[in-house]
Every structure is written in structure tokens, then in C-alpha cells.
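Let us walk through this structure step by step. Keep the sequence and the 3D view side by side.

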Amino acid sequence: FFGLSPIDATVTDPQIRLFLECAVHAIENAGYDPERYSGKIGVYAGSGMSTYIMSLLKNPELLSRVDPLQLMHSNDKDYLATKTGYLLNLRGPCLSINTACSTSLVCVHEAIQALINYETDIALAGGSDIKQQQVAGYQYQEGGIRSPDGHCRAFDASAKGTVPGNGVGIVALKRLRDAVEERDTIHAVLLGSAVNNDGSRKVGYTAPSPQGQTE
């Protein structure tokens with residue numbers, strides 16, 4: 001479907017493979033075909049560190065058939081957005097953005113700014129984080145970022161920490177005026193977004209900063 005050979009598919013990190021599938025779904029659900037759309041479609045995306053490449057590096061027979069540069073392009077998270085743009089023939093800006101846990105929402109923010117500045121007409125924004133080991137636990141440490149009961153309660157009074165997981169999520173964004181004029185299906189309207197940083201106003205690097213989050 002993506003024009004990948006069997007060896008290409010084999011060496012490509014599942015984070016990229018599943019992001020590609022979700023990107024196609026997002027474009028199709030928006031009602032657009034990149035081959036016929038006259039405007040620009042951009043990608044603002046991030047992914048986790050590749051754990052898949054670790055298993056590839058343990059396979060000498062496979063490595064003998066793959067160029068090291070190809071291996072890098074197929075696993076390094078720096079290439080997620082441009083790889084998507086290449087394989088789906090998207091001609092808007094394709095930026096890989098990585099800010100750890102906030103990656104997907106920062107991608108949405110940057111996509112919004114690009115739309116406001118008319119750098120693109122449609123923006124795919126989201127993230128992909130899939131680990132090689134699908135089932136794994138963690139050791140809770142008091143004062144750490146992991147939840148003691150395995151539940152994440154974001155911005156809740158009873159929040160006690162976060163949990164690791166696997167998944168992919170993408171939204172297709174347009175300027176509201178254009179979406180209304182072109183009679184697109186509109187699921188939600190984003191009224192605004194912002195990005196800041198906590199600085200050192202917290203007890204540790206991974207600790208939350210109520211003041212920073214409030215701002």
C-alpha cells in the first residue's frame with residue numbers, strides 16, 4: 001500500500017508504520033486525497049525512542065542486506081514526519097517534534113501556528129509511541145512520576161502519577177473559515193493553545209509545577 005518492499009517494511013519501526021496507517025485514516029476521514037488536493041498538507045509529529053532497532057541490530061543476516069542509512073531513516077524519530085510526507089506525497093511542512101510526554105499536544109500547537117501563518121492548508125498533528133516489549137510493569141518509587149495504582153488522572157485532585165503505554169493518535173486540522181467554506185466534517189474547534197516551560201520552579205526535573213501548569 002505504501003510502496004514499501006518486504007525488507008523496507010521489516011526494518012521500519014512499528015511507530016512509523018502505524019503512524020502511516022493512522023495518517024491515511026485521518027486524511028480519508030477528512031475527505032481529501034493528497035494526489036488531487038491543490039493545497040498543502042503538512043505533518044507535525046513525534047515519536048518515542050526506537051526500541052525496535054535494538055532487535056534489528058541483533059540480526060547479522062538482516063544487517064548484511066540493509067544499508068545503515070536505510071536503517072537510520074526507518075527507525076530514527078527525526079525522520080517520522082518527513083517519511084510520512086514522502087510516502088503519502090504531502091507537500092506541506094513536515095516537522096518532527098519531540099518534547100517527551102507533551103509531544104503530541106505540542107505538535108498540535110505548532111500545527112495551529114502553521115495554519116494561522118498560512119504555511120499549510122491542512123495539518124496532520126499527533127504522535128506515536130510503541131515499545132518493542134508490549135507487556136511490562138514498573139517499580140513504583142515514592143515521589144517519582146509513576147502512579148502507585150496504575151491509573152493516570154490528568155489534572156485531577158486525586159492524581160498521583162502517570163503510567164507508561166503504547167499508542168498512536170493523529171488529528172487533521174484546518175482553518176475554521178476554510179473548513180466551513182469547503183463544507184468539511186468538523187468534529188471540534190480549537191479556540192487556542194500555548195506552550196511554556198516550568199523552568200526550575202519545582203522540586204525536581206520530573207516533578208509537576210502547579211504554577212507553570214496554571215500559567
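Ile186 sits in the loop between helix 8 (176-181) and helix 9 (210-214). Helices here are DSSP runs of H or I with at least four residues, strands are E runs of at least two, and both are numbered from the N terminus. This is a predicted model: local features need pLDDT of at least 70, side-chain atom pairs count only at pLDDT 80 or more, and totals for chains, interfaces and linings use all residues. Residues are numbered from 1 along each chain as its sequence is written, and side-chain values use heavy atoms, leaving out hydrogens and water.

Ile186 has 38% relative accessibility, so it counts as partly exposed. Buried means under 20% relative accessible area, exposed over 50%, and partly exposed in between (1.4 Å probe, protein chains only).

Now turn to charge. Side chains of opposite charge can pair when their charged atoms come close. A salt bridge is a side-chain nitrogen of Lys or Arg within 4 Å of a carboxyl oxygen of Asp or Glu. The whole structure holds 10 salt bridges. One of them joins Lys174 and Asp184 (2.8 Å, N to O). That pair links distant parts of the chain: Lys174 is in the loop between strand 4 and helix 8, and Asp184 is in the loop between helix 8 and helix 9, 10 residues apart. Asp184 is buried, with a relative accessible area of 17%.

Arg175 and Asp178 also meet in a salt bridge (2.9 Å, N to O). Both Arg175 and Asp178 are buried. A network of salt bridges links Asp121, Arg175 and Asp178.
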